[in-house]
Amino acid sequence: MIPEGASYYLSWRLAVEANNVRAWRTVPSQCLRYVEAYMRGGQYDRDLDLIVDQVLSYIKEIDPSDDGMDAWILDVDDTCISNLLYYREKRYGCDPFDPAGFTAWALKGGCQAIPAVLGLFKNLVQNGFKVFLITGRDQETLGQVTSDNLHDQGFIGYERLILK
């Protein structure tokens, strides 16, 4: 039995994941409790672990060539490093995105590595892939702090960090 109120959240989530809800600015407020439970209750981490396990299985089937052309691209925000603490203050997306507030958060350089993705990253580097990290963060304002944050969290050995 699905708890009362959860059915709206589950329907909304499915519609977003299927890309049937477009250009949404905020998470509907009636979903706050469910998003928070998902992010902090362990399901988010279990989902990441499952996906990374699938990717690692795929990687085991690849034999990188000696030409140095095998590459992998990873996004930075909420893929390599987490902004969960920032989004907690923004009610997990129920409040509109605040570019100035996000920049102030990112300038602190305190984003934690997402453990499953850090493990994936290290596996890729160890197995000879060139890893490129991409982000929509601004080079001029956030370039150095982002590079330092990634390094501090163990993202060492990537080919290039590409910023906006």
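1. Overall make-up. Seven helices and five strands make up the protein chain; helices are DSSP runs of H or I with at least four residues, strands are E runs of at least two, and both are numbered from the N terminus. The model is predicted, so local features need pLDDT of at least 70 and side-chain atom pairs count only at pLDDT 80 or more, while totals for chains, interfaces and linings use all residues. Residues are numbered from 1 along each chain as its sequence is written, and side-chain values use heavy atoms, with hydrogens and water left out.

2. Order and dimensions. Read from the N terminus, the elements follow the order α-α-α-β-β-α-α-β-α-β-α-β. The C-alpha trace of the protein chain spans about 55 × 40 × 25 Å along its principal axes.

3. The protein chain has 164 residues, of which 35% count as buried. Buried means under 20% relative accessible area, exposed means over 50%, and partly exposed lies in between (1.4 Å probe, protein chains only). Among contacts with a separation of 6 or more, 74% are between residues 24 or more positions apart; a contact means heavy atoms within 4.5 Å.

4. Helix 1 against helix 2. Two packed helices are described by the angle between their axes and the distance between the axes. For helix 1 and helix 2 the angle is about 70° and the axes are 9 Å apart. The axes are lines fitted to C-alpha atoms, for helices over the stretch in contact, and angles run from 0 to 180 degrees between N-to-C directions. Helix 1 and helix 2 are therefore roughly perpendicular to each other; the classes are roughly parallel under 35 degrees, roughly antiparallel over 145, roughly perpendicular from 65 to 115, and oblique for the rest. On the helix 1 side A6, Y9 and R13 take part, and they meet Y34, V35 and Y38 of helix 2.

5. The whole structure has seven salt bridges, each being a side-chain nitrogen of Lys or Arg within 4 Å of a carboxyl oxygen of Asp or Glu. One of them pairs R13 with E17, with the closest N and O atoms 3.0 Å apart. Both residues belong to helix 1 (residues 6-17), and because they are four residues apart there, about one helical turn separates them. R13 is partly exposed at 23% relative accessible area, while E17 is exposed at 56%. In helix 2 (residues 32-40), R40 and E36 are likewise four residues apart, about one helical turn. Their side chains form a salt bridge at 3.7 Å, N to O, and E36 is partly exposed at 31%.

6. A further pair and a network. K90 and D98 form a salt bridge in which the closest N and O atoms are 3.5 Å apart. The relative accessible area of D98 is 27%, so D98 is partly exposed. Salt bridges with shared partners also link R13, E17 and D47 in one network.

7. Cysteines. The whole structure contains zero disulfides, a disulfide being a pair of cysteine sulfur atoms within 2.5 Å. For C80, the nearest cysteine sulfur is that of C111, 11 Å away. C80 is buried, at 0% relative accessible area. C94 has its closest cysteine sulfur in C31; the distance of 7.0 Å is too far for a bond. C94 is also buried, at 8% relative accessibility.

8. I134. This residue lies in strand 4 (residues 130-134) and is partly exposed, at 34% relative accessibility. Neighbours within four places in sequence aside, I134 contacts I73, L74, D75, V76 and I162. I73 is 61 residues away from I134 along the chain, yet the C-alpha atoms of the two are separated by 7.2 Å.

9. N149. Helix 7 (residues 139-152) holds N149, which is buried with a relative accessible area of 2%. Beyond neighbours within four places in sequence, N149 is in contact with I81, G109, G110 and C111.
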